[in-house]
Amino acid sequence: MTGRAEQAPVVDEVEANLRAVRERIAAAARAVGRAPAEVTLVAVGKAQPDERVRAALAAGQRVFGENYVQEAKARWSPLGASWPDLQLHMIGPIQTNKAKDVVALFDVIETVDRPKLAEVLAREMARQDRRPACFVQVNTGEEAQKAGVWPADADRFIEAAARNGLAMLSMGMSADFEVAVQFGATHVRVGSAIFGARPPRPAPAG
Ligand SMILES: *Cc1c(COP(=O)(O)O)cnc(C)c1O
């Protein structure tokens, strides 16, 4: 069998999944009187084989979310140059020592969740003269194990970060993106409904 013949089912599967997710987003938007075009689908590639991510590119998807800086760099540094309209979103927690890589690679940073990080990112953006759009991550459920500014602190934090007038809201995953659209999300992050179940991560070495 040739590689191409083996890959065809993956390309078809990802393309069909993408079409189905886009249709569900559009239906959920129309149901609450929103225009489907107000909602951007962020395809979450974490832990997925490059083959599946390339299939999504071939199907016209251009907005991708990544959780891990190293994985994102390995995947997109070689691919990115061929796709000038690509838009990469950082959706994972950010350690301040990764700020340089994050600013260099991503177009949108969705997980600004503390003043120290906002400060370090701002410094790095000035240094690189690159200005990725930033979202403040709010822990709406006030769940201690999740990242994000708590709702009560959000206004103060946003003010301190001089990013008032936020017009964009990123929420939702495969299990609940239609609810997110209903509640006004401008961005939904969907992984497994597009790419299939994530293969288990190998245990960290050492
Ligand atoms: C993995 C991930 C997603 C996508 O989750 P699925 O259930 O695969 O759709 C969305 N948002 C964040 C922050 C994630 O880490």
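Which residue in strand 4 is the bridge partner of Met-90?

Guide: The bridge partner of Met-90 in strand 4 is Ile-109. This is a predicted model, and what follows should be read as such. Strand 3 covers residues 87-90 and strand 4 covers residues 108-112. The two strands run parallel and are joined by two bridges. In general terms, strands of a sheet pair through backbone hydrogen bonds, in either a parallel or an antiparallel way.

The pairing belongs to an open sheet of seven strands, ordered 5-4-3-2-1-7-6, with parallel pairing. At the edges are strand 5 (133-136) and strand 6 (170-171), each of which pairs on one side only. Helix 5, made of residues 115-128, lies across strand 4 and strand 5. Its direction makes an angle of about 155° with strand 4.

Next, the ligand. Its surroundings include Ile-91, along with Val-44, Lys-46, Asn-67 and Met-173. Ser-174, Arg-189, Val-190, Gly-191, Ser-192 and Arg-198 are also among the residues around the ligand. Asn-67 places a polar side-chain atom 2.7 Å from an oxygen atom of the ligand. For Arg-198, a polar side-chain atom is 2.8 Å from a ligand oxygen atom. In the case of Arg-189, an N or O atom of the side chain lies 3.0 Å from a nitrogen atom of the ligand. On its own the ligand has 390 Å² of accessible area, and the protein covers 86% of that.

The C-alpha trace spans about 60 × 45 × 35 Å along its principal axes.

Terms used:
Residues numbered from 1 in each chain as written. Predicted model: local features only at pLDDT ≥ 70, side-chain atom pairs only at ≥ 80, totals over all residues. Heavy atoms only, no water. Pairing = 2+ DSSP bridges. Helix = DSSP H or I, 4+ residues; strand = E, 2+ residues; numbered from the N terminus. Contact = heavy atoms within 4.5 Å. Axes fitted to C-alpha atoms, helices over the stretch in contact; angles between N-to-C directions. Near = heavy atom within 4 Å. Polar contact = N/O pair within 3.5 Å; in protein donor to acceptor, adjacent residues only side chain to side chain. Areas by Shrake-Rupley, 256 points an atom, 1.4 Å probe, with all protein chains shown as cover.
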